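Here are my notes on the model you asked about, written as numbered points.

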Amino acid sequence: MRLVKLLVLVVICSIVWILIAFSQSKLTYIKQNHVAPSSMAFVPQTDKIKPFLMGFNAAYADFLWIRTTLYFGSHVLTDQQYPWLIHMVDLVTRINPNMYPAYEFAGLMIPDICKNPAAARVILERGVTTHIEQKWKLYYYLGMIYYRYYNDREMAAKCIALAVMQKNSPGYRLAGLAAAMFNKAGKPEAGKKFLELAYSLSENPEVKEYILSKMAK
Amino acid sequence: MRQLYEIAANTFRETIRNQVLYIVLFFVVALIFLSVFIADWSVFARVQVMQDFGLATMSIAGLLLAVFIGVGLLGKEVGQKTLYNVITKPVARMFFVFGKFFGLFSTLIVTFAVMSIVFAGTVFMLGGVLDKSMLWAILLIWAEMSVMISAAVFFSTLTSPILASMYALVFYVAGHLNDLLSLKMIEQKGSFYPAVLKTIYFVLPNLEHFNIRDNIVYNIPLPSSYFAFAFAYGALYTALFLLLSSVFFDRKDL
């Protein structure tokens, strides 16, 4: 009798489980075709979220940065539209002002893919006020934005000149570039100064000779 | 059936007086109101964030109530020996388990109705639209709650209330992570690992099937067949857990 009861129980449980598995498969199948797109609807406003991060700014910025790259990657492969990208990069750099990859991304990608050099300029101008090791690159990108998108050669030359003065910068190369930009901006005196600087910074005799020839011109 | 009704009604009267219920209700209502400010944090979509936050709060409230009240339903009866007043009478133990479940489920339906009214009012206040999908989302939370209560009852027939609470919590987390398993299953290569994952996927309930918050937020309508299957899924799991609870409770040496 007990065995019969057990058998009945097993049969009932099996039937229920088969029905569950069937519903599970159906639900999974239906939901797969109605997946919400990857989006940034829950990106908070910086001033609102900052007090609640309780010091975990860097961790939260890292998390947002990962989401930003995922968002960028998914849209590069599909519609190539990035309506939230600028805001995301801006947010990441505001929450963690020392996040270098975000600034680099702003300098290299935003002007072209979002067609918004002004946004990239604003982010980079904020970036150069921080204590990032590779700050010279931010000045360099800023200079390139002024040169390429604003056609402001003097400002571009000034930015490159500031890049030269930063720690870890490839001094003589950038000094040469700054000099060329000053020349193009119609300020040969400033250009000459940077060529002299490039000459003093360089240790390579061939480069020195090249700079001398440029100075002679 | 009369016995079942009496036990359910008595459980309803007992749980409706439970202080935990009112504490959770108070916090949930407060959180739903506060979600207006949380929604303000969002850059893009205030109403959507509020809706998502409100529905998530209700889902977690369901978990808390299922754990704190559901687990104690049988444990308390055994601990305080009040159970003997019932089982010494000609009442099937199965009816006792089912009655307890229906009693608590009725209490939570009343509680969730209050939460839903507050939630709907807040959405309306923010200028949101109360559409059909929102109603489905709330009903699916009820279905999830039903699974959670039955699971809590099931665990309480197996072990002590504290351990049963822990199992119920783990069950909730695992149930929501089970959706990730399906993704991993597709990504994995080979035959053994996917087979193991597939088994886990079908043995554990996928509580994410009761979560359609993303679809509401991004306005992706689901077909009505989805809701039919989701309710059937919830009902089947509830039935399975109650059936197993009855079997274990019947064999329990009290």
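1. Chain B has 10 helices and zero strands. Read from the N terminus, its elements run α-α-α-α-α-α-α-α-α-α.

2. Before going on, a word on the model and the labels. This is a predicted model, in which local features need pLDDT of at least 70 and side-chain atom pairs count only at pLDDT 80 or more, while totals for chains, interfaces and linings use all residues. Residues are numbered from 1 along each chain as its sequence is written, and chains are lettered from A and ligands numbered from 1 in the order in which they are written.

3. How much of chain B is buried? Of its 254 residues, 42% count as buried. A residue is buried if 20 or more other C-beta atoms lie within 10 Å of its own, exposed if 12 or fewer, and partly exposed in between, with C-beta atoms placed from the backbone. Two residues are in contact if their C-beta atoms, placed from the backbone, lie within 7 Å.

4. At 1.5 Å a residue, its 27 residues should span 39 Å, and the end C-alpha atoms are 40 Å apart, which agrees. The expected span is 1.5 Å times one less than the number of residues. Is α6(B) enclosed or open? Of its 27 residues, 20 are buried, so α6(B) is largely enclosed by the rest of the structure.

5. Next, look at how α1(B) (residues 2-16) meets α5(B). Two packed helices are described by the angle between their axes and the distance between the axes. Here the axes come within 7 Å and cross at roughly 45 degrees, which makes α1(B) oblique to α5(B). Axes are lines fitted to C-alpha atoms, for helices over the stretch in contact, and angles run from 0 to 180 degrees between N-to-C directions. Angles under 35 degrees count as roughly parallel, over 145 as roughly antiparallel, 65 to 115 as roughly perpendicular and the rest as oblique. The crossing of α1(B) and α5(B) is right-handed; that is the name when the near helix is turned clockwise from the far one by less than a right angle, and left-handed is the name when anticlockwise.

6. Which residues make this contact? Among them are Leu4(B), Ile7(B) and Phe12(B) in α1(B), and Phe95(B), Phe102(B) and Leu104(B) in α5(B). By class, the contact of α1(B) with α5(B) has 11 nonpolar, eight polar and one charged. Ala, Val, Leu, Ile, Met, Phe, Trp, Tyr, Cys and Pro count as nonpolar, Asp, Glu, Lys and Arg as charged, and the others, Gly among them, as polar.

7. Stay with α5(B), residues 93-125, and find Met115(B) in it. With 23 C-beta neighbours inside 10 Å, Met115(B) counts as buried. Val28(B) is 87 residues away along the chain, but its C-alpha atom is separated from that of Met115(B) by 7.3 Å. Setting aside neighbours within four places in sequence, the contacts of Met115(B) are Val28(B), Val29(B), Ile32(B), Met58(B) and Ala61(B).

8. Gly234(B) sits in helix α10(B), residues 224-251, and is buried, with 25 C-beta neighbours inside 10 Å. What does Gly234(B) contact beyond its neighbours within four places in sequence? The list is Ala143(B), Glu144(B), Ser146(B), Val147(B) and Phe210(B).

9. Now turn to chain A, with 12 helices and zero strands. Buried residues make up 34% of its 217 residues. Among contacts in chain A between residues at least 6 apart in sequence, 48% join residues at least 24 apart.

10. In chain A, α5(A) (residues 100-108) and α8(A) pack at about 15 degrees with their axes 9 Å apart, and are therefore roughly parallel. The residues that meet include Tyr103(A) in α5(A) and Tyr141(A) in α8(A).

Definitions and conventions
Helix = DSSP H or I, 4+ residues; strand = E, 2+ residues; numbered from the N terminus.
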